[in-house]
Amino acid sequence: MSSAPSRPPRRLTRRLFQLYAGLALYGASSAFLVRAGLGLDPWDVFHQGIAERTGWSIGTVSVAVGALVLLLWVPLRQRPGLGTLSNVFAVGLTMDATLAVVPDVRGAVAQGALLAAGIVLNGVATGLYIAARFGPGPRDGLMTGLHRRTGRSVRLVRTAIEVTVLAAGFLLGGTVGVGTVAYALAIGPLSQLFLRLFALRPPSPAPTASVVVASA
């Protein structure tokens, strides 16, 4: 009689690796967009605008905003997962760490290259951590929660949220530019591509044990 080795621990290890690698890369990609100086995604425009007003680092603001958004889950009856709680802290901390070692760039070519690298890396990061299936980030959970409570389409709810934070961030001094538009156009297709690439295959059924009886 033989038994196959257990696969769930290996699968869990991969999921955890994808989660934290994705969150770390997300923070790094956001830092690249900041250093490119050509415009940020809507939420980071908002984070940067608050940072300009408070003197906090943009990563610290990201953590604080993520925690406040998570509180909005309570009336929406959303349940956070490990990925949700990890997202609140990991992205902002990694973003600040990356900003500490990556300098500002000058010149259209260098800025464009760093912008492109940041957007593509953001797509990779999104595919990694969402495919790990440990729960949505606080901002995505706000979107899905409002979708369920209001009955409005996900597209409409997401657009309303992002237009609101983008406008608020711009008024506070956040950077809006060609990079903001490029991010909006590219992140959807990139995320879909990398979600498929990093999707976890369903576990194959364990082989049944077999007993061979030999007759003398």
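A salt bridge is a side-chain nitrogen of Lys or Arg within 4 Å of a carboxyl oxygen of Asp or Glu. The model shown is predicted, with local features needing pLDDT of at least 70 and side-chain atom pairs pLDDT 80 or more, while totals for chains, interfaces and linings use all residues. Residues are numbered from 1 along each chain as its sequence is written, and side-chain values use heavy atoms, without hydrogens and water.

**View A. The salt bridge of Asp104 and Arg35.** The whole structure contains 2 salt bridges. In one of them, the side chains of Asp104 and Arg35 meet at 3.2 Å, N to O. Asp104 belongs to the loop between helix 5 and helix 6 and Arg35 to helix 1, so the pair ties together parts 69 residues apart in sequence. Helices are DSSP runs (H or I, at least four residues), numbered from the N terminus.

**View B. Helix 3 and helix 5.** The axes of helix 3 (residues 58-71) and helix 5 (residues 82-101) come within 7 Å and cross at roughly 170°. Helix 3 is therefore roughly antiparallel to helix 5, a term for angles over 145 degrees. These axes are lines fitted to C-alpha atoms over the stretch in contact, with angles from 0 to 180 degrees between N-to-C directions. Contact means heavy atoms within 4.5 Å; among the residues involved are Gly59, Val63 and Leu70 in helix 3, and Leu85, Phe89 and Asp96 in helix 5.

Technical notes
Helix = DSSP H or I, 4+ residues; strand = E, 2+ residues; numbered from the N terminus. Parallel < 35°, antiparallel > 145°, perpendicular 65-115°, else oblique.
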